[in-house]
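Here is a quick briefing to read alongside the model. Keep the 3D view open and find each spot as you go.

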Amino acid sequence: MTVLSPVLPLRSGALIPQIGLGTWPMDDDEAASAVNTAVGLGYRHFDTAENYGNEKGVGEGLRRSGLDRSEAFITTKFNKEWHSFDGARQAAEAALQRLGTDYVDLLLIHWPNPGLNRFVDAFRGMRAAQEDGLVRAIGVSNFKPAHLQQLADAGLVPEVNQIQLDPYRPRRDVRESHARLDIVTEAWSPLGKGTDLLKDSRITALADKYGRTPAQIVLRWDVQSGLVTIPKSANPQRMAENLDVFGFELDAEEMAALDGMETDDRISDSDVFGH
């Protein structure tokens, strides 16, 4: 029996599954195999990017699976060289060619690269591509509140901001901006990349209580927090476990405990880093 993720509505009317399959750093062959397997397990949301170099593999995996295109939700992202009005459309068209599909469900600016100061023009270009049907929904990734405000001041509001987020790095400042602007928060590396999050006694105690894996506890926290989350795995058992987080619920005290786990772990500074 497959498990299907609940969905969240985006402003455009698109419905984004709350749990998706992350595909970095898979190559094309690995991505094709993982996506094909994931479809059979119930995944319908697949996250890729120009910079990952595996868009062809994601598209191939979906074709191999036999899943109807209308049932899949594909997210991809483009690099800084396309940060212009015309460049965003070129990036969308190139992604469609690599994926082998007629439209992308969600297109994101991968990093703001504020030193270039062209992400506003790029977003306008994405909106034009959306109006022409190349993409269903548009958003950003790794944007800070100041970057989001710069877009808002231009009358532009992303539907999604995909950011590094986990219980050690809950990103409250960014999520507050999202709440104010009606932006859906999506977590990349939700299982604590570069940390011992999954060994933390507060997580493992809950895993023992519910008979779940530590990863399932963290992903359940994501879902109950109203986040979209994209754990990466190429292991079929872990992929199945990552999707199977809807048969239990954390109580308010447990959610509060996970909400209070913030540490001083650093993230890549999107004011200075970005491709």
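Pro25 sits in the loop between β3 and α1 (28–41). Trp24 and Pro25 are joined by a cis peptide bond, with omega at about 5°. Bear in mind that you're looking at a predicted model.

- As background, most residues other than glycine have a negative phi, and most peptide bonds are trans.
- Asp182 isn't a glycine, yet its phi is positive, near 60°. You'll find Asp182 in the loop between α6 and β9, and with a relative accessible area of 54% it is exposed.
- Ser189 also has a positive phi without being a glycine, at about 45°. Look for Ser189 in the loop between β9 and α7; its relative accessible area is 23%, so it counts as partly exposed.

- Eight strands make up an open sheet with parallel pairing, in the order β3-β4-β5-β6-β7-β8-β9-β10. At the edges are β3 (21–22) and β10 (228–229), each of which pairs on one side only.
- β4 (residues 45–47) pairs with β5 in the parallel sense over three bridges. Here Asp47 has Thr75 in β5 as its bridge partner.
- β5 and β6 are also parallel partners, with four bridges, and Lys77 stands opposite Leu108 in β6.
- β6 (residues 104–109) and β7 (residues 135–141) pair in the parallel sense over five bridges. In this pairing, Ile109 stands opposite Val140 in β7.

- How many of the six residues of β5 are buried? Six of the six are, so this strand is largely enclosed by the rest of the structure.
- In a regular strand the side chains alternate between the two faces of the sheet.
- In β5, Phe73, Thr75 and Lys77 are on one side, Ile74, Thr76 and Phe78 are on the other, and all of them are buried.
- Together, β4, helix α2 (residues 55–65) and β5 form a right-handed β-α-β unit. Next, the chain crosses from β5 through helix α3 (residues 85–99) to β6, and this β-α-β crossover is right-handed.

**Helices on the sheet**

- Helix α4 (residues 119–131) lies across β5 (73–78), β6 and β7, and runs at about 165° to β7.
- Helix α6 (residues 172–181) packs on the sheet too, where it touches β8 (160–164) and β9 (184–188). The direction of α6 makes about 170° with that of β8.

**Helix α8 and its arginine**

- Is α8 mostly covered or mostly open? It's mostly covered, with nine of its eleven residues buried. Among them are Ile217, Leu219 and Trp221.
- The buried residues of α8 pack against α6, α7 (201–210), β10, α9 (236–243) and α10 (252–259).
- Arg220 belongs to this helix, which spans residues 214–224. Arg220 is buried but has no salt bridge, and the nearest side chain of opposite charge, Glu249, is 4.3 Å away.
- Leaving aside neighbours within four places in sequence, Arg220 is in contact with Val245, Phe246, Phe248, Glu249 and Leu250.

**Salt bridges**

- Side chains of opposite charge can pair when their charged atoms come close. The model has 17 salt bridges.
- Arg63 and Glu60 form one of them, with their closest N and O atoms 3.8 Å apart. The two are three residues apart in helix α2, so about one helical turn separates them. Glu60, Arg63 and Arg64 are linked in a network of salt bridges.
- Lys144 and Asp269 form a salt bridge too, with the closest N and O atoms 2.6 Å apart. This pair links distant parts of the chain, 125 residues apart: Lys144 is in the loop between β7 and α5 (145–153), and Asp269 is in the segment after α10.
- Asp244 and Arg212 meet in a salt bridge as well, at 3.8 Å from N to O. Asp244 lies in the loop between α9 and α10 and Arg212 in the loop between α7 and α8, so the pair ties together parts 32 residues apart in sequence. Asp244 is partly exposed at 33% relative accessibility, whereas Arg212 is buried, with a relative accessible area of 19%.

Definitions and conventions
Residues are numbered from 1 along each chain as its sequence is written. This is a predicted model: local features need pLDDT of at least 70, side-chain atom pairs count only at pLDDT 80 or more; totals for chains, interfaces and linings use all residues. Side-chain values use heavy atoms; hydrogens and water are left out. Two strands pair if DSSP finds at least two bridges between them. Contact means heavy atoms within 4.5 Å. Axes are lines fitted to C-alpha atoms, for helices over the stretch in contact, and angles run from 0 to 180 degrees between N-to-C directions. Buried means under 20% relative accessible area, exposed over 50%, partly exposed in between (1.4 Å probe, protein chains only). A crossover is right-handed if, with the strands pointing away from the viewer, the path from the first strand over the helix to the second runs clockwise. Lys and Arg count as positive and Asp and Glu as negative; His and the chain ends are not counted. A salt bridge is a side-chain nitrogen of Lys or Arg within 4 Å of a carboxyl oxygen of Asp or Glu.
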